[in-house]
Amino acid sequence: KLLNKIPKVPKVLYYQSKNNDGISYSIIEYIPGVILPEIDNKEALDSLYYEIGLMLAKLRSIKFPTSGLLGDQLEIIPIKTKHIQYHGVTNFVLDCLDDDNLQRRVNIDLINDVRNIVIQNDFLLLNTNEESHLVHGDFKIENIIVDKSVDSKLHLSGVLDWENARSVCKRLLEVFDSNLPIVTPSSSCAAMLRHGYDQLELETP
């Protein structure tokens, strides 16, 4: 119901909370079109980048009293972490670095180096007293749908994959403007923050 206020978001037609197997699912509106990486026309891309920028600005206009995950009733759910001695984002990253799957796949020296960098820059990562607003959570070009409109030109027709949407402090986005490493549990999220916005050439707003 929140996202119904924002155009280009597929409407949720049916939602089922967790069943006996712990699985939840939803049926959403079909949006025709193709994903953005399939478009190679520069003129069309320039116009699409502007529309995408407007979409992001509309998301930013939806504000929340604090940061966290969104519940079924749009209530803010604080992110609980095993680590508690630092700011919320730092604690979350440290939890991710302790993950058994990660430690089996990544050199422990690299993990420790990242851990030290995150702890040393804890004061930069999050100030929970600052403005919080809606963030998609996985806003990458593969989740952007475009289609031809009545004017025969390509336009933004939809943005998919909203299950990671959350309220995030403005400070988090400001910090990622620097040269600090980005650590997230998802490589696509990290890539979008570090490289994706440059690829989209988003303008203000």
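Let me begin with strand pairing, because two strands are taken to pair only if DSSP finds at least two bridges between them. Helices (H or I, at least four residues) and strands (E, at least two) are DSSP runs, numbered from the N terminus. With that in place, Asp 147 stands opposite His 155 in S9, and five bridges join S8 to S9, the two running antiparallel.

A word on provenance: this is a predicted model, in which local features need pLDDT of at least 70 and side-chain atom pairs count only at pLDDT 80 or more, while totals for chains, interfaces and linings use all residues. Residues are numbered from 1 along each chain as its sequence is written, and side-chain values use heavy atoms, with hydrogens and water left out.

On confidence, pLDDT is the predictor's confidence in each residue, from 0 to 100, and the mean for the protein is 75, with 72% of its residues reaching 70 or more. Confidence is highest in helix H4 (residues 108–120), at 93, and lowest in helix H7 (residues 187–200), at a mean of 49. Over residues 195–205 the pLDDT is below 50, although this stretch has 23 contacts in the model beyond near neighbours in sequence, a contact being heavy atoms within 4.5 Å.

The protein has seven helices and 10 strands, and 35% of its 205 residues are buried, where buried means under 20% relative accessible area, exposed over 50%, and partly exposed in between, with a 1.4 Å probe and protein chains only.

Back to the sheet: three strands form an open sheet in the order S3-S8-S9, with antiparallel pairing. S3 and S9 stand at the edges, each with a single partner strand, so one side of each is left without a neighbour in the sheet. Helix H1 lies across S8 and S9, running at about 35° to S9; axes here are lines fitted to C-alpha atoms, for helices over the stretch in contact, and angles run from 0 to 180 degrees between N-to-C directions.

Helix H2 (residues 88–97) is largely enclosed by the rest of the structure, because eight of its 10 residues are buried, including Thr 90, Asn 91 and Asp 95. Thr 90 is also touched by Asp 122, as are Tyr 86 and His 87, not counting residues up to four places away in sequence. Asp 122, found in helix H5 (residues 122–125), counts as buried at 13% relative accessibility, and its side chain reaches the backbone nitrogen of His 87 at 3.0 Å.

Technical notes. Polar contact = N/O pair within 3.5 Å; in protein donor to acceptor, adjacent residues only side chain to side chain.
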